[in-house]
Amino acid sequence: MASLPVIAETVFRGRDSIERLVPRLKGLVEAIDLPESPLGLPMPSSIPLSVFLGLGYGVSVIPHVRLLDHNELGLISLIQGLWLAGVDKVLLTMGDKPGIGRVLCSWGRSEEAVEWIKRYEPGMNVGLIISLNYPFDRIVERLGSQADFFYVMYLSGGTMRKYEKVVGVAWRLGKKIMPYLIIRTRRNGEVIEHLGQPYVDIEDLEVWVAMLKDKADAVILSVPGDHQGLVEAVEIARRASRITIYTRPREAGDLEEDMREDN
């Protein structure tokens, strides 16, 4: 049985962190996911970083693009530049309100931005975010857009049945589904508590990835504030491709394990 591709999400604040982390992730992950200005705060932009990592390290990247920062012309020019540089995937987000400066553009719906990109650069793989907190009919409507793949947020034991229904619709439409898991380690617990989102304790990650193996096209791992924990999480996720799980977890961090090794 094929293993589940792993995508590692991280932010880089300096060249030294790139030099330490990227070589360790290369060959272990399907891609490195690069958020753009989380919380609307200044941060090294994911756009030039994605080109740098792709050309300098030969890794696949998925940069985020904040729509609040780009009008139609700026967005298309950006996408065309990424395409020429060899970056073939982007994730569109509206983005948090800028912490400094002002909003440059007000999009009615992120699906409109996907349509613009597909008109001018149809080969670009464009992703959107789905929140399991949204009503199911709204999720289905978004799945029917021109986006190629979707990050799924707020996955937990309590939303698993809804997630499985989303996967069924997405696959019938030919869309790729990638659940987003926030990982808590012994080093980032305080950071995780402030996020207010479902999380998975790293000790339970193997169970989660094994369970998702046949319910996703890839899994995105985020370990805020802990680069070492991110490497550990990726290694655990890769090992989990040898596990089959039969029980559904009740809640993140509170799992009943019932698994066996594949023959």
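Are Phe149 and Tyr151 buried or exposed? Both Phe149 and Tyr151 are buried. The model is predicted, and this pair is one place to start reading it.

Begin with the aromatic rings. A pair of aromatic rings is described by the distance of the centres and the angle of the planes. A search of the whole structure finds three such pairs. One of them joins Trp116 and Tyr120, and it is stacked. Their centres lie 6.1 Å apart, with 5° between the planes. Both residues belong to helix H4, residues 110-120. They are four residues apart there, so about one helical turn separates them. Trp116 is partly exposed, at a relative accessible area of 26%. Tyr120 is also partly exposed, at 41%. Phe149 and Tyr151 form a tilted pair, because their planes meet at 45°. The centres of these two rings are 6.0 Å apart.

Charges also meet rings. The charged end of Arg119 sits over the ring of Trp116. The distance to the ring centre is 4.7 Å. Trp116 thus has the stacked partner Tyr120 and the charge of Arg119 over its ring. Elsewhere, Lys165 places its charged end over the ring of Phe136, 4.5 Å from the centre.

Now turn to helix packing. Two packed helices are described by the angle between their axes and the distance between the axes. Helix H1 (residues 15-25) packs with helix H9 (residues 227-239) at an angle of about 5°. Their axes are 10 Å apart. Because of that angle, H1 is roughly parallel to H9. H1 brings Ser17, Leu21, Arg24 and Leu25 to the contact. H9 brings His227, Gln228, Leu230, Val231 and Val234. By class, five of the residues in this contact are nonpolar, three are polar and one is charged.

Phe12 is buried, with a relative accessible area of 2%. Setting aside neighbours within four places in sequence, its contacts include Ser17, Ile18, Leu21 and Val22. Leu34, Pro44, Leu49, Leu53 and His227 are also among them. Ser17, Leu21 and His227 also take part in the meeting of H1 and H9. The C-alpha atoms of Phe12 and Gly58 are separated by 17 Å, and the two residues are 46 apart along the chain.

Glu9 lies in strand E1. Glu9 is buried, with a relative accessible area of 12%. Beyond neighbours within four places, it is in contact with Asp33, Pro35, His64, Tyr180, Ile220, Leu221, Ser222 and Leu230. Leu230 is one of the H9 residues that meet H1.

Ser50 is in helix H2, residues 46-57. It counts as buried because its relative accessibility is 0%. Residues up to four places away in sequence aside, Ser50 touches Leu34, Val61, Pro63, Leu82 and Val87. Leu34 is also a contact of Phe12.

The last stop is a matter of backbone. Most residues other than glycine have a negative phi. Tyr154 has a positive phi, near 65°. Tyr154 is in the loop between strand E6 (149-153) and helix H6 (160-172). Its relative accessible area is 28%, so Tyr154 is partly exposed.

Notes. Residues numbered from 1 in each chain as written. Predicted model: local features only at pLDDT ≥ 70, side-chain atom pairs only at ≥ 80, totals over all residues. Heavy atoms only, no water. Axes fitted to C-alpha atoms, helices over the stretch in contact; angles between N-to-C directions. Helix = DSSP H or I, 4+ residues; strand = E, 2+ residues; numbered from the N terminus. Parallel < 35°, antiparallel > 145°, perpendicular 65-115°, else oblique. Contact = heavy atoms within 4.5 Å. Nonpolar A, V, L, I, M, F, W, Y, C, P; charged D, E, K, R; others polar. Phe/Tyr/Trp six-rings, centres within 6.5 Å; stacked < 30°, edge-to-face > 60°. Buried < 20%, exposed > 50% of the residue type's maximum accessible area, 1.4 Å probe, protein only. Lys NZ or Arg CZ within 6 Å of the ring centre and 35° of its normal.
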